[in-house]
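Open the model in your viewer and keep the selection tool at hand. Each stop below says what to select, then what is there.

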Amino acid sequence: MMMQTFMRNKLVSISRKESDTLFIHGILDDDIYGIEMDMEIRVTNLTILSLHGKWNHWTTPECPRAVRFLQGAVGLRIDEEGFSRKINKLVGRKACRHFANLTLECCHSAGEAALLVKWEDQKGVNPDLTFEAFLGQADTPDMNVPAGASASSAPGPSRPSVQARYNFKEEKGTVSGGMVIDLHVHTSPASPCSSAPVDDLIQEAKRIGLDGICLTDHNHLWSRESVEELRQRHGFLVLRGNEITTDQGDMLVFGFDRDIKGIIQLKELAEEVHASGGLIIAAHPFRGFLTFGVGQLGLTPQKAAERPLFRSVDGVEVLNGKVTGEENSFASEVAATLGLPGTGGSDAHEVSEVGLYATRFLTPVRDENELVDALRKGAFTPCAFRAEKTEAVLP
Amino acid sequence: MPQILQFQRNRCTSVSQVDEQTLLSSCHLQDTLTDVCVEITVKLPDLEISDARGEVKRTYQDECRDQNEALKKVLGVRIGPGMLKIIKGLMGEATDCGQLAFMVEECCHAVILSFTKDVLLKAPAGETGKKEFYANMVKQNIRLYNRCAAFAPGSSLVEGIEPPKEPVEK
């Protein structure tokens, strides 16, 4: 018998309180949470005038703290750009994401109700005006989905050209312990989620003794000239990569020159990257996957290794600074099951995070071509660089 | 004058266990202007969307009619962190119907909540035990720190827990 395991009901009812004000009552009720909300929204400019919420049932003893933070949404216009994102940040992060969910439901409903109100008002002047005809002259409210994102039609793929080589000391790549490069870092402003200016990140990488870093900003292709200028200015190995979002999650891509915007199918990306001589590493493939109940699904490394995504990648990031130790261990087991090499990268979004994890190359890596060659040969191992460094200086 | 409602909406999202390896999550939206149903099939243990379909019974938005092709874009997507960006990206490319993508997200959230429920059922009844249970949850998954008011600085649930240094979510 098919058993229902979860149900969420949301109910929104809207009345016209005054000629220019909508009164909205929202209810969210599911197996876990029960909340209610009263809002007022001005019809003419779609501004949130007031917002009050209450819990009916909740989980943690501290959930009731959320209610006071709902006021962050007052004053926002429900048709302003990025409204959903703002609610998710102001209400979802500060208060509770379930309140944010109900707020969005109420606001979207209010946007539609405002359309009906405006149509009715216009019918006072033009009784024959149909809703369809009215819509032809009205704007519909913004909701949820941003404008379509697509891969840009940048020049076709090509093998990365030989860059001016970083003038590093040859012995650096041959000393015991190899050459250590953080293969996964994000800089500001190239990655909006990062707060690390590239110059500061490089200085910190040098300070802690890394041999190089690879810039892997989200769907951002650094120009060769910019990276070369950074290398010269800092006297430090700076390489180019890219963290590209695909339908199968984030992928670290090396040796690939196309600037991808939006989401791309992994299969399509893999065809292009491999045709251009580049490589793909599955970034943090189990991030958040083993926590909060989902880990109890009985997912084994053998079963996880059957995921189609692993047929399109050349390696797996098995040490990532943004996931739990358990998730890194699981990724490592999956990589071993598949016989794929594992890399390490800090996934730094702050200067202080660079080098948390890195990849130790057994052969010298002086430019992008050598990086791709080294990755292809599998002559590397992941390492917990900062921890190793700390242990090394301890008596 | 009686306060007659101007607009009403009812959205019901539910998850059912079809068999040991399959979940069915559906979202049904009915309001004054719209009547749409979206359903996704999810395979365990990967939580991968293996099928998605929808039916639009009523809408004033032309862009929301006949959207089964757009729904197929999410096949193969894994439910978990980062899924919203992927769903919005894939569906945003295929359709201008924002409501449809939102309904897929609602289906996915419901799947996550169905598992969350199983974890929460293990919370002790007493206040002290409860606090310990949720504090341990944050310790074991530091990404939860500052993700909501209950896990923000000042809450008793995160007392003594070292905050992460960075923005924890990408």
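**Stop 1: the interface**

Color the two chains separately and select where they meet: 83 residues of chain B and 96 residues of chain A take part in the contact. Keep in mind that this is a predicted model. Together, chain B and chain A bury about 7400 Å², and 57% of that area lies on carbon and sulfur atoms.

Between chain B and chain A, 29 residue pairs are in polar contact, with both partners at pLDDT 80 or more. Which elements of chain B supply at least two residues each to the side that touches chain A? Select β1 (7-19), β2 (22-31), α2 (83-94), α3 (98-120) and α4 (127-140) of chain B to see them. The largest share of this side comes from α3(B), with 14 residues. Color the side by residue class: 36 residues are nonpolar, 25 are polar and 22 are charged.

**Stop 2: strands across the interface**

Select β1 of chain A, residues 3-18, along with β1(B). The two strands run antiparallel and are joined by 11 bridges. For a landmark, pick A:Gln4; opposite this residue, in β1(B), stands B:Ser16.

**Stop 3: salt bridges**

Show the charged side chains next. Over all chains, the structure holds 36 salt bridges. Between chain B and chain A the count is 8. One to select is B:Asp46 with A:Arg307, where the closest N and O atoms are 3.8 Å apart.

Then select a network of salt bridges: A:Lys10, A:Glu105, A:Glu112, B:Arg9, B:Arg11, B:Asp31 and B:Glu106.

Move to chain A. A:Arg360 and A:Glu388 form a salt bridge, 3.1 Å from N to O. This pair links distant parts of the chain, 28 residues apart: A:Arg360 sits in strand β13 (residues 358-361) and A:Glu388 in helix α10 (residues 385-393). Are these two partners buried or partly exposed? A:Arg360 has a relative accessible area of 19%, so this residue is buried; the cut-off is under 20%. A:Glu388 is at 31%, so this residue is partly exposed.

Also in chain A, select A:Lys303 and A:Glu306. Their side chains meet in a salt bridge at 3.6 Å, N to O. A:Lys303 counts as partly exposed because its relative accessibility is 31%.

For a salt bridge within chain B, select B:Arg53 and B:Asp51, whose closest N and O atoms are 2.6 Å apart. B:Arg53 is partly exposed at 25% relative accessibility, and B:Asp51 is partly exposed at 24%.

**Stop 4: helix α9 of chain A**

Select residues 368-377 of chain A. This is helix α9, mostly covered, with 7 of its 10 residues buried. Among the buried ones are A:Leu371, A:Val372, A:Ala374 and A:Leu375. A:Glu368, A:Asn369 and A:Glu370 are buried too.

Check both ends. At the start of α9(A), a side-chain oxygen of A:Asp367 comes to within 3.0 Å of the backbone nitrogen of A:Asn369. After α9(A) comes A:Gly378, with a positive phi near 75°.

**Stop 5: B:Val158**

Finish in the segment after α4 of chain B, where B:Val158 is found. Is B:Val158 buried or exposed? B:Val158 counts as buried because its relative accessibility is 5%. Neighbours within four places in sequence aside, B:Val158 contacts B:Val138, B:Tyr145, B:Phe151, B:Ala152 and B:Pro153.

Note on methods. Residues are numbered from 1 along each chain as its sequence is written. Chains are lettered from A and ligands numbered from 1 in the order in which they are written. This is a predicted model: local features need pLDDT of at least 70, side-chain atom pairs count only at pLDDT 80 or more; totals for chains, interfaces and linings use all residues. Side-chain values use heavy atoms; hydrogens and water are left out. Contact means heavy atoms within 4.5 Å. Buried area is the accessible area (1.4 Å probe) that two parts lose on being put together, summed over both. A salt bridge is a side-chain nitrogen of Lys or Arg within 4 Å of a carboxyl oxygen of Asp or Glu. A polar contact is a pair of N or O atoms within 3.5 Å; within protein, one must be able to donate a hydrogen and the other to accept it, and residues adjacent in sequence count only if both atoms are side-chain atoms. Helices (H or I, at least four residues) and strands (E, at least two) are DSSP runs, numbered from the N terminus. Ala, Val, Leu, Ile, Met, Phe, Trp, Tyr, Cys and Pro count as nonpolar, Asp, Glu, Lys and Arg as charged, and the others, Gly among them, as polar. Two strands pair if DSSP finds at least two bridges between them. Buried means under 20% relative accessible area, exposed over 50%, partly exposed in between (1.4 Å probe, protein chains only).
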